[in-house]
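Open the model in your viewer and keep the selection tool at hand. This tour goes stop by stop.

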Amino acid sequence: MAFEPPQRLVRTLSETYGEPVAGEWLGRLPVIAQEALERRELTVERVVAPGGGSSLVVLVRRPDGAPAALKVVPPFAAPEAESAALTQWKGWGCVELISGSDGALLLERLHTETSLRSLPEAKALLEAAGTVRKLWVEPVADHGFETVAERTAGQAEAMRGSTDPQVVQLVSAALDAREELLAAGPAELMLLHGAFRQGKVLSGDRAPWLAVGPVPVVGERAYDLARLVRDRVEDLVAAASGASATRRRVNKLADSLDIDRERLRGWTLFRAVESGVRALEAGRRQDGELLLEFADWL
């Protein structure tokens with residue numbers, strides 16, 4: 001079977017890691033995927049498309065006929081960290097890891113076509129909050145995960161290099177917010193999903209909703225919740241009450257999970273501006289402008 005990488009994967013890897021690095025791995029992906037399947041004696045059903053932005057996901061059958069999903073991750077996307085986080089969570093609130101090695105993770109099969117985005121907004125946010133709460137645990141000793149400060153340091157440096165005059169003030173505000181949050185010291189050191197949002201929570205058989213695709217990091221819960229705040233940003237921006245609805249969402253999510261409102265607002269601002277600037281520089285002008293308009297409301 002030919003393993004053509006979905007376009008979303010090609011675009012996101014190229015934007016995040018650069019075309020030379022991403023292109024070299026994508027060129028070898030058909031062979032990498034085939035070898036991973038053969039080592040595990042898996043039977044292919046289909047490639048998940050459009051799929052995610054950091055890996056190739058193939059729906060498979062194990063030798064005993066049981067359904068599973070094989071996730072093939074490039075080495076520069078740290079599959080070892082994802083495997084370590086899934087191992088610690090042991091399926092509590094997230095997809096269960098069956099085995100993980102050689103850059104390929106064999107996972108419990110979930111319903112890839114049904115995420116929390118299929119639910120009405122209020123219900124989706126409620127279920128998302130209940131799911132992410134389960135993932136927030138103390139990391140094991142000598143865990144080796146990045147900290148929030150480490151992860152955001154490179155992002156902050158890239159933002160400082162932005163030359164777009166339209167974003168200077170927002171970039172400055174986002175960088176100031178990060179500095180203030182870090183200067184105050186981490187409120188807590190928890191194992192976080194790192195990329196949590198509605199689209200990262202899928203329907204399952206073992207539990208109604210389970211998180212997938214962590215990019216694990218250690219830090220405070222407000223950082224993890226910040227990405228969820230801007231879910232369905234296009235609807236927020238289109239609404240006449242978008243600005244007030246955004247502030248209400250920050251407060252509601254913070255209160256429901258016992259998180260400081262101002263720390264959640266600060267991390268939401270930083271993460272939205274960082275994503276917006278990156279989108280602009282990648283030529284995704286509409287996405288970037290939506291994110292920056294959202295950030296301006298915070």
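The stops below run from the whole chain to single residues.

**Before you start**

This is a predicted model, in which local features need pLDDT of at least 70 and side-chain atom pairs count only at pLDDT 80 or more, while totals for chains, interfaces and linings use all residues. Residues are numbered from 1 along each chain as its sequence is written, and side-chain values use heavy atoms, with hydrogens and water left out.

**Stop 1: the whole chain**

Select everything. The chain holds eleven helices and ten strands. Helices (H or I, at least four residues) and strands (E, at least two) are DSSP runs, numbered from the N terminus. Along the principal axes, the C-alpha atoms fill a box of roughly 55 × 40 × 40 Å. The radius of gyration is 19 Å, which agrees with the value near 19 Å for a compact globule of 298 residues. That radius is taken over C-alpha atoms, and the globule rule is 2.2 Å times the number of residues to the power 0.38.

Now colour by burial. Buried residues make up 51% of the 298 residues. Buried means under 20% relative accessible area, exposed over 50%, and partly exposed in between (1.4 Å probe, protein chains only).

**Stop 2: helix α1**

Select residues 7-17, which form α1. Show Leu9, Leu13 and Ser14: these are buried. Look down the axis of α1: its buried residues fall within an arc of 120°, so they line one face of the helix. The arc is that of the directions from the helix axis to the C-beta atoms. Their cover includes α2 (19-40) and β2 (56-61).

**Stop 3: the five-stranded sheet**

Select β1 to β5. They form an open sheet in the order β1-β2-β3-β5-β4, with antiparallel pairing. Two strands pair if DSSP finds at least two bridges between them. At the edges stand β1 (43-47) and β4 (97-101), each with a single partner strand, so one side of each is left without a neighbour in the sheet. On average, neighbouring strands are turned by 25° against each other, direction ignored. Axes are lines fitted to C-alpha atoms, for helices over the stretch in contact, and angles run from 0 to 180 degrees between N-to-C directions.

Contact means heavy atoms within 4.5 Å.

**Stop 4: strand by strand**

Start with β2, where five of six residues are buried. β1 and β2 pair over four bridges; Thr43 has Arg61 in β2 as its bridge partner. On the other pairing, β2 and β3 share six bridges, and Arg61 is partnered by Pro67 in β3. Zoom in on the hairpin of β2 and β3, which has five residues between the strands. Gly65 in that turn has a positive phi of about 90°. Then go to β4 and β5 (residues 104-108), which pair over four bridges.

**Stop 5: Arg230**

Where does Arg230 lie? Select the loop between α7 (221-229) and α8 (233-238) to find Arg230. Arg230 is buried, with a relative accessible area of 8%. Leaving aside neighbours within four places in sequence, its contacts are Arg249, Arg271, Ala272, Ser275, Leu291 and Phe294. Finally, draw a distance to Arg39: the two C-alpha atoms are separated by 40 Å, and the residues are 191 apart along the chain.
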